Protein chains: 2
Amino acid sequence: MQTTPGNTRKPPTLADVAKLAGVSLATASKSLNGRQQVKAETRERVLSAAEQLNFSPNVLARHLLSGRSGTIGLVTHDLEGRFSIPTLMGAEDAAGTGKTSVLLCDARGDALREQYHVQALLGRRVDGLIVVGARPDPRPSLGQLPVPVVYAYAPSQDPADMSVVTDNVQGGRLVAEHLLACGRSRVAIVTGDAGYGAAHDRVDGATAVLSGAGVEVLGGPLYGAWSEEWGRTAAGLILNRFTDVDAIISGSDQIARGVLDALREAGRRVPEDVAVTGHDNWEILALNARPQLTSIDMNLEELGRRAAALLFDAIEGNPHHGTEVIPSRLVPRGSTGPKPA
Amino acid sequence: MQTTPGNTRKPPTLADVAKLAGVSLATASKSLNGRQQVKAETRERVLSAAEQLNFSPNVLARHLLSGRSGTIGLVTHDLEGRFSIPTLMGAEDAAGTGKTSVLLCDARGDALREQYHVQALLGRRVDGLIVVGARPDPRPSLGQLPVPVVYAYAPSQDPADMSVVTDNVQGGRLVAEHLLACGRSRVAIVTGDAGYGAAHDRVDGATAVLSGAGVEVLGGPLYGAWSEEWGRTAAGLILNRFTDVDAIISGSDQIARGVLDALREAGRRVPEDVAVTGHDNWEILALNARPQLTSIDMNLEELGRRAAALLFDAIEGNPHHGTEVIPSRLVPRGSTGPKPA
């Protein structure tokens with residue numbers, strides 16, 4: 001144990017050091033800070049007092065005098081950590097070793113809770129904020145704040161703000177190009193909730209490429225829910241109407257898992273008879289699928305790194321404006337392949 | 001945008017306020033702090049300077065003088081956020097509104113990275129640390145640190161430390177009791193990597209209850225991997241050897257998903273012919289299963305709340321020792337039910 005009753009080791013404060021050294025708080029601070037002019041003799045007295053009290057160089061105090069706290073706030077709305085953790089990891093990478101620490105708050109999709117967290121973080125003098133949305137649709141701006149803000153995953157509605165988002169249109173294009181390269185021409189699309197911009201963006205990217213090759217989406221895109229159950233149901237509807245379907249584009253890995261199950265139970269071989277793609281590259285779902293699922297990886301760590309890099313640049317006085325888009329990449333696995341001749 | 005080139009709004013420092021008010025840094029601090037004696041006239045001058053400079057009450061400065069930073073560090077090893085996010089949410093709840101902020105670091109299963117993060121957090125003067133493991137096996141202690149530490153999910157090997165863990169033995173018992181109540185007597189167990197203490201603990205809890213009722217585990221527990229594929233393979237092995245199996249206990253929800261798939265493809269009805277249980281209550285897997293999966297919820301948010309409560313108590317000078325166990329609960333769904341007569 002670190003402390004025992006009656007003998008709590010409360011860390012010494014700068015005030016304790018100043019008192020022991022017989023100097024003002026400002027002088028004690030300058031002496032430890034090391035960047036401002038203090039008489040050598042005074043500095044020695046303060047350092048000796050700090051050593052005697054076991055006062056370690058205090059990052060907080062140092063930053064306090066510089067007007068920077070060396071911390072950034074990360075406000076997430078993503079309960080399950082699906083998007084915020086890779087973003088956090090990317091931001092940590094970008095922050096570099098020990099220069100910046102991340103204060104994390106979970107706003108749980110609640111605007112009031114977000115306001116509260118933002119105020120609390122400002123009170124802690126964060127140098128900037130990254131706000132990670134739970135879904136990639138535009139969200140209201142936090143407006144004018146005393147520190148820079150970067151909106152990650154969910155962009156701000158205000159084009160004067162800085163936002164970094166995934167590229168859902170390009171992800172949709174990648175999928176369609178891959179399926180065309182696999183020789184597929186009877187293509188259906190099953191995706192999630194039509195209330196999500198991402199659902200439409202992915203469909204738009206895919207249909208643009210398919211139309212360009214003269215391929216129409218069988219029966220038009222099917223919107224439903226981001227669930228396996230909808231994937232199973234929709235695949236059943238498609239098989240009933242279009243027995244010659246040779247590819248099903250799924251708007252998420254969850255949907256794709258349901259599509260795969262329905263195809264297997266209908267006796268269709270994947271990928272020989274029907275190629276299937278997902279979106280998200282959520283490994284717990286993609287790697288456990290039968291066969292393993294070809295999917296779109298949105299490069300969320302890269303998104304986090306980029307959001308942090310933009311934030312640090314703004315903190316240094318070089319703000320950016322508008323929305324930056326991080327390209328996705330295709331991860332080919334066993335659920336797609338050339339159509340047998 | 002928050003800042004524009006050439007007009008960066010660098011937040012004013014306490015030093016700026018002191019300078020404008022014509023007082024020492026210590027006096028400015030005491031005036032804003034509000035807890036120490038300062039002449040009314042001086043305080044007024046400082047407050048007016050702070051207002052003029054738009055200097056908001058600075059939590060950092062206030063905490064600096066009290067020897068507390070009002071922050072705790074959360075070091076996680078859980079890449080996918082599966083266990084750390086609920087723990088974080090629980091810790092936030094326990095921290096209460098605005099009193100404590102959480103500095104999050106991801107050590108990514110690397111002991112050196114953990115050491116580095118711990119030192120960085122101590123340099124930031126956190127009041128205490130919560131260390132969240134990636135797997136529930138005992139881990140080396142961080143040893144003597146200047147602030148209290150609570151080990152969450154993965155306990156410390158040192159019984160003098162404070163640890164909070166899930167109860168895997170009791171979780172195993174709950175599953176077995178439920179299956180006995182459902183009238184099952186031909187029970188098999190499929191679980192994950194035998195290198196995990198949690199795998200054995202869950203098996204031990206279940207077999208103790210089953211033996212007590214005179215039920216032997218068919219063929220003994222099968223250890224393998226925490227994957228759907230192993231669930232499918234193991235269920236196939238069980239069906240081959242024990243055609244009259246009427247319940248399969250799975251060590252995780254992933255394994256259970258594989259078991260369910262294998263049973264469906266073998267033409268067995270769930271739960272009529274075979275009841276199936278999971279462990280973790282990972283909703284993305286449990287709610288999408290066919291039928292929905294009965295599982296064990298480890299109450300991770302409660303674990304986080306308890307870890308934070310123990311930490312705050314230790315920060316107040318009341319340290320605890322040893323390992324506290326958070327009970328799990330059974331979440332019954334469609335994959336279990338009474339055996340038809």
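Residues are numbered from 1 along each chain as its sequence is written, and chains are lettered from A in the order in which they are written. Because the model is predicted, local features need pLDDT of at least 70 and side-chain atom pairs count only at pLDDT 80 or more, whereas totals for chains, interfaces and linings use all residues, and side-chain values use heavy atoms, with hydrogens and water left out.

Chain A has twelve helices and twelve strands, where helices (H or I, at least four residues) and strands (E, at least two) are DSSP runs numbered from the N terminus. Of its 341 residues, 57% count as buried, a term that means under 20% relative accessible area, with exposed meaning over 50% and partly exposed lying in between (1.4 Å probe, protein chains only). Taking contact to mean heavy atoms within 4.5 Å, 71% of the contacts in chain A between residues at least 6 apart in sequence join residues at least 24 apart.

Helix α10(A), residues 253-265, has 13 residues and spans 18 Å from its first C-alpha to its last, close to the 18 Å expected at 1.5 Å a residue; the expected span is 1.5 Å times one less than the number of residues. This helix is mostly covered, with eleven of its 13 residues buried, among them Asp253(A), Arg257(A) and Asp261(A). In chain B, helix α12(B), residues 300-315, has 16 residues and reaches 22 Å, close to the expected 22 Å, and its buried residues include Leu303(B), Ala307(B), Leu311(B) and Phe312(B). Just after α12(B), Gly317(B) takes a positive phi of about 100°.

Two packed helices are described by the angle between their axes and the distance between the axes. In chain A, the axes of α7 (residues 168-181) and α8 (residues 197-212) come within 7 Å and cross at roughly 40°, the axes being lines fitted to C-alpha atoms, for helices over the stretch in contact, with angles running from 0 to 180 degrees between N-to-C directions. The two helices α7(A) and α8(A) are therefore oblique to each other, since angles under 35 degrees count as roughly parallel, over 145 as roughly antiparallel, 65 to 115 as roughly perpendicular and the rest as oblique. Their contact includes Gly172(A) and Ala176(A) of α7(A), and Gly205(A) and Val209(A) of α8(A). In chain B, α7(B) and α8(B) pack at an angle of about 40°, with their axes 7 Å apart, which makes α7(B) oblique to α8(B).

Gly197(A) has its place in α8 of chain A, and its C-alpha atom is separated by 8.9 Å from that of Arg135(A), 62 residues apart along the chain.

Most residues other than glycine have a negative phi, and most peptide bonds are trans. Arg108(A), in the loop between β2 (101-106) and α6 (111-123) of chain A, has a positive phi near 55°, and at 22% relative accessibility this arginine counts as partly exposed. Asn299(B), in the loop between β10 (295-297) and α12 of chain B, has a positive phi of about 55° and is buried, with a relative accessible area of 18%. A cis peptide bond joins Arg290(A) and Pro291(A), with omega about -10°, and another joins Val270(B) and Pro271(B), with omega about 10°.
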